[in-house]
Amino acid sequence: MFSKTYAAAIHGIDALLVQVEADVNGGLPGFELVGFLASELREAKERVRVAISNTGITLPPKKITVNLSPADVRKEGTAFDLAIAIAILTASGQLPEKSMEQIMFAGELSLDGGLNPVNGILPMACCARENGIKVLVVPTKNHAEAALVEGICAVGCKSLTEVLRFLLSGEIPKKDEEIFVGNEGEKLPDFAEICGQKAAKRAIEIAVCGGHNLLFMGSPGAGKTMLAKCIPSIMPELTKEESLQLSKIYSVSGRMTGGGLMKNRPFLAPHHSITASAMAGGGKHPKPGEVSLATYGVLFLDELPEFERRTVELLRQPLEEREITVNRVADCCDYPASFMFVAAMNPCPCGAYPDRRKCRCSEIQIRRYQGKISRALLDRIDLFLQVAPVRYEELTKNKKEEASAVIRARVIRARQRQEKRYAGLGIMTNAELSAGDLAHFCALDAAGEEILKEAFFRYSLSARAYHRIIKVARTIADMDGAEAIGEEHLYEAIGYRNFV
């Protein structure tokens with residue numbers, strides 16, 4: 001007899017529908033599993049066979065062949081175990097012959113017949129909905145994640161026995177009450193805790209309003225890291241679409257927390273010892289890296305010159321295209337990588353430059369240290385800021401600093417202006433504008449053109465830097481509520497190109 005069930009294969013952060021075809025026929029007893037399978041999936045036949053036996057069901061001594069279609073798509077992971085078991089039981093007559101077209105199965109079988117949780121349930125649930133499948137059967141521990149997708153019925157089961165009971169009687173297993181909390185409730189550092197640093201706070205507000213990249217340079221203890229950690233506290237809430245996309249990335253990576261959609265924008269600060277593969281994603285079987293996990297949030301690289309040059313240089317593609325392509329022998333995947341890039345560095349090896357009373361570094365040492373960051377990467381950064389140490393008077397005075405909530409309200413207003421301007425274009429912030437969009441959305445008058453012309457030749461700007469200045473000026477104008485970019489907006493934007 002022949003039967004067919006449905007499962008899903010993860011590819012990137014999405015899932016592809018897979019048909020699990022089983023045939024049980026006469027011939028020498030055996031169990032063949034085919035369909036471009038990874039090693040952990042080829043081992044599924046032993047897990048499935050023993051799990052069925054320990055559930056109290058005896059398979060007939062016949063030839064069992066299972067094919068996972070389409071055969072040109074690589075399947076990996078253990079999430080196919082349950083679909084394989086159900087297909088075999090149906091083909092062998094242990095389950096009544098009825099249509100399985102409206103049901104998808106996902107879950108790993110243990111040898112005693114229990115169901116273990118798997119990664120990537122959220123994109124699998126989205127795949128089921130897109131293909132008209134009404135029911136998704138998953139392990140109990142994955143039920144909260146599967147239930148996040150509207151339009152399908154998520155059924156959580158603890159064992160193969162519960163799955164069979166559901167298929168035979170339609171009885172949905174009872175489960176404990178679930179609370180969808182996501183990652184909300186996390187306390188974020190507040191700008192009210194930072195004394196002084198008015199110029200730095202202004203630059204951060206501009207960067208967040210327009211989604212621009214930012215580099216801090218200053219001596220140790222100036223507050224660069226603390227300023228960066230406060231950035232998420234002034235960023236707008238994730239939209240529903242952003243939350244779902246981000247949750248898919250974390251689901252595939254096995255980092256979903258609390259069973260709910262991601263609520264807070266991520267802030268990732270990898271150590272400078274991180275490898276290029278961990279930053280970009282990949283491995284033997286590609287998985288999202290730090291640049292993808294930081295999507296819709298902040299990727300912060302502290303002590304930027306200490307990172308391996310290869311690791312830092314791979315940021316060029318995601319900073320420009322807002323996605324990253326990971327090529328491996330086994331597969332090729334495109335992952336989202338739309339993040340705000342923030343970095344911090346000392347101006348010299350000792351960190352005291354340009355204070356020559358304290359700095360003992362030679363000019364060659366300073367140039368060599370700053371030269372660890374390529375001009376190609378610096379060209380992709382919109383704002384450069386010199387962070388001066390906090391003065392004693394600012395630390396001791398009782399002046400109340402502006403809270404993140406106040407700054408966040410201004411950021412939201414500026415973002416709303418951009419959302420209205422770019423409605424229907426798929427553009428969320430000024431930083432996403434292409435060079436071709438600038439003439440329409442960022443037109444300059446004659447005085448503005450003259451200002452930029454002078455800056456272009458004086459600072460030997462590249463075309464990319466020229467365009468980024470205009471985008472920053474557009475953001476500053478939005479913060480002021482201005483329809484057109486003024487001279488003062490351009491001067492301030494140019495002022496943020498002062499990399500030492």
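Me: Which helices each supply at least two residues of the lining of the largest pocket?
Reply: In this predicted model, helix H9 (240–252) and H17 each contribute at least two residues to the lining of the largest pocket. H17 gives the most to that lining, with 4 residues.

Me: And what volume does the largest pocket have?
Reply: The volume of the largest pocket is about 550 Å³. Its lining is made up of 23 residues, and the closest to the centre of the pocket are Glu242, Arg265, Arg415, Met428 and Thr429.

Me: How does the lining of the largest pocket divide by class?
Reply: By class, there are 7 nonpolar, 8 polar and 8 charged residues in the lining of the largest pocket.

Me: Now H14, which of its residues are buried?
Reply: The buried residues of helix H14, which runs over residues 363–370, are Ile366, Tyr369 and Gln370. Viewed down the axis of H14, these buried residues fall within an arc of 90°, so they line one face of the helix. An α-helix has 3.6 residues a turn, so residues three or four places apart point the same way.

Me: What is on the other side of H14, then?
Reply: Arg367 and Arg368 are there, and both of these residues are exposed.

Me: Which strands do the buried residues of H14 pack against?
Reply: The buried residues of H14 pack against strand E10 (214–218) and strand E17 (340–345).

Me: What about phi, where does Phe36 stand?
Reply: Phe36 has a positive phi of about 60° although it is not a glycine, and this residue lies in the loop between strand E3 (30–34) and helix H1 (39–42). Because its relative accessible area is 40%, Phe36 counts as partly exposed. Tyr296, likewise a residue other than glycine, has a positive phi near 65°, and Tyr296 is found in the loop between helix H11 (290–293) and strand E14 (298–301).

Me: Last topic: is Lys400 buried or exposed?
Reply: Lys400 counts as exposed, because its relative accessibility is 77% and the cut-off for exposed is over 50%. Lys400 sits in the loop between helix H16 (392–396) and helix H17 (404–421).

Me: How many residues apart in sequence are Lys400 and Cys195, and what is their distance in space?
Reply: Lys400 and Cys195 are 205 residues apart in sequence, while in space they are 8.7 Å apart, C-alpha to C-alpha.

Definitions and conventions:
Residues are numbered from 1 along each chain as its sequence is written. This is a predicted model: local features need pLDDT of at least 70, side-chain atom pairs count only at pLDDT 80 or more; totals for chains, interfaces and linings use all residues. Side-chain values use heavy atoms; hydrogens and water are left out. Buried means under 20% relative accessible area, exposed over 50%, partly exposed in between (1.4 Å probe, protein chains only). The arc is that of the directions from the helix axis to the C-beta atoms. Contact means heavy atoms within 4.5 Å. On a 1 Å grid over the protein atoms alone, a cavity is a set of points where a 1.4 Å probe fits but cannot get out, and a pocket is an open set with protein on both sides within 12 Å along at least five of seven lines; lining residues have an atom within 4 Å of a point. Grid points are joined across faces, edges and corners, and a volume is the space filled by probe spheres set on the points. Ala, Val, Leu, Ile, Met, Phe, Trp, Tyr, Cys and Pro count as nonpolar, Asp, Glu, Lys and Arg as charged, and the others, Gly among them, as polar.
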